[in-house]
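Please look over the structure shown here. The report below covers a helix pair, a strand residue and a loop.

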Amino acid sequence: IMIRTDDHAKIEELAEYASVPVINGLTDLSHPCQIVADLLTIVEGGKALPGLELAWLGDGNNVLASLIEAAGLFGFNVRAGVPQGYDPDMRFVEAARAQGARIDIVRDAAEAVAGADIVVTDTWVSMGQTHAEDKLRAMEPFRIDAPLMGVAKSDALFLHCLPAHVGDEVSEEVFEGSQSVVFDEAENRIHAQKSILRWCFGQI
C-alpha cells in the first residue's frame, strides 16, 4: 500500500494494522520516496554521497526532514538556510548529527549555499497551508537566483521536487539553466519508486 496523506500518525496506524508493506508516499512529517529519487539524480550527476555538501533554501518542511535523515544514513552534510520560525523538525536533525552528519541551520542564504555541491529548494507554501502572505515575506531572502547559485561550487547542481513556482523560490534563469537537473529528477521518481517496490517484494 502506498499512501500520501497529511498527519504522519495516519500512516503509522495503517502500517500497524496492515499485513503488507506500507510505503510513505508523503506526509506532513517526511517525504522519503522523493529523496530516493533525489539521491539517484545526484549520483547520476557524478557526485558521491559521502562528504557531499548540500544546501537547502526555504521552508523547513517534510522534504528537508527526509534530506536530513538521508544525510545521516549516507554520510553527507546539510546547510539549511531557513527563516526564523521555519526550522526543520529537530528530531531529524539530532538523529543525523548522532550518525556523524553535519547539519547546520543558518539564517543567511549565501552562508547556506557557499561551496555547496547541491542546491535544493521546494515551494514555499504547500497545499492547504494558511497564512501564506506572512510566510512568503519570510521566505523572500531565500530565493535562489543566478548570483546565489554563483556562491556554490561551479559544478553545483540545482534540484527541486516540483511543481515549482518559478519566480518565487527559484528564478527562471536557474530553473531553466545548465545546472538544473529538475527534469532528470522528475523522471527518476519512476525509477526510484520501481526500486522501492522491488525491495518490498524482496527482489533487491
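## Helix pair

Helix H3 passes helix H4 in a left-handed crossing; left-handed here means that the near helix is turned anticlockwise from the far one by less than a right angle. The axes of H3 (residues 62-74) and H4 (residues 90-98) come within 8 Å and cross at roughly 15°. That makes H3 roughly parallel to H4, a term for angles under 35 degrees. From H3, the contact (heavy atoms within 4.5 Å) is made by Ala65, Ile68, Glu69 and Gly72, and from H4 by Phe92, Val93 and Ala96. These residues divide into 5 nonpolar, 1 polar and 1 charged.

The model is predicted: local features need pLDDT of at least 70, side-chain atom pairs count only at pLDDT 80 or more, and totals for chains, interfaces and linings use all residues. Residues are numbered from 1 along each chain as its sequence is written, and side-chain values use heavy atoms, with hydrogens and water left out.

## Strand and loop residues

Asparagine 77 lies in strand S4 (residues 77-81). Leaving aside neighbours within four places in sequence, asparagine 77 is in contact with Gly51, Leu52, Glu53, Leu54, Ala101 and Arg102.

Leucine 162 lies in the loop between S7 and H8 and has a positive phi of about 65° although it is not a glycine. The peptide bond from leucine 162 to proline 163 is cis, with omega near 0°. Most residues other than glycine have a negative phi, and most peptide bonds are trans.

Buried means under 20% relative accessible area, exposed over 50%, and partly exposed in between (1.4 Å probe, protein chains only).

| Residue | Relative accessible area | Class |
|---|---|---|
| Asparagine 77 | 12% | buried |
| Leucine 162 | 24% | partly exposed |

How values were computed. Axes fitted to C-alpha atoms, helices over the stretch in contact; angles between N-to-C directions. Helix = DSSP H or I, 4+ residues; strand = E, 2+ residues; numbered from the N terminus. Parallel < 35°, antiparallel > 145°, perpendicular 65-115°, else oblique. Nonpolar A, V, L, I, M, F, W, Y, C, P; charged D, E, K, R; others polar.
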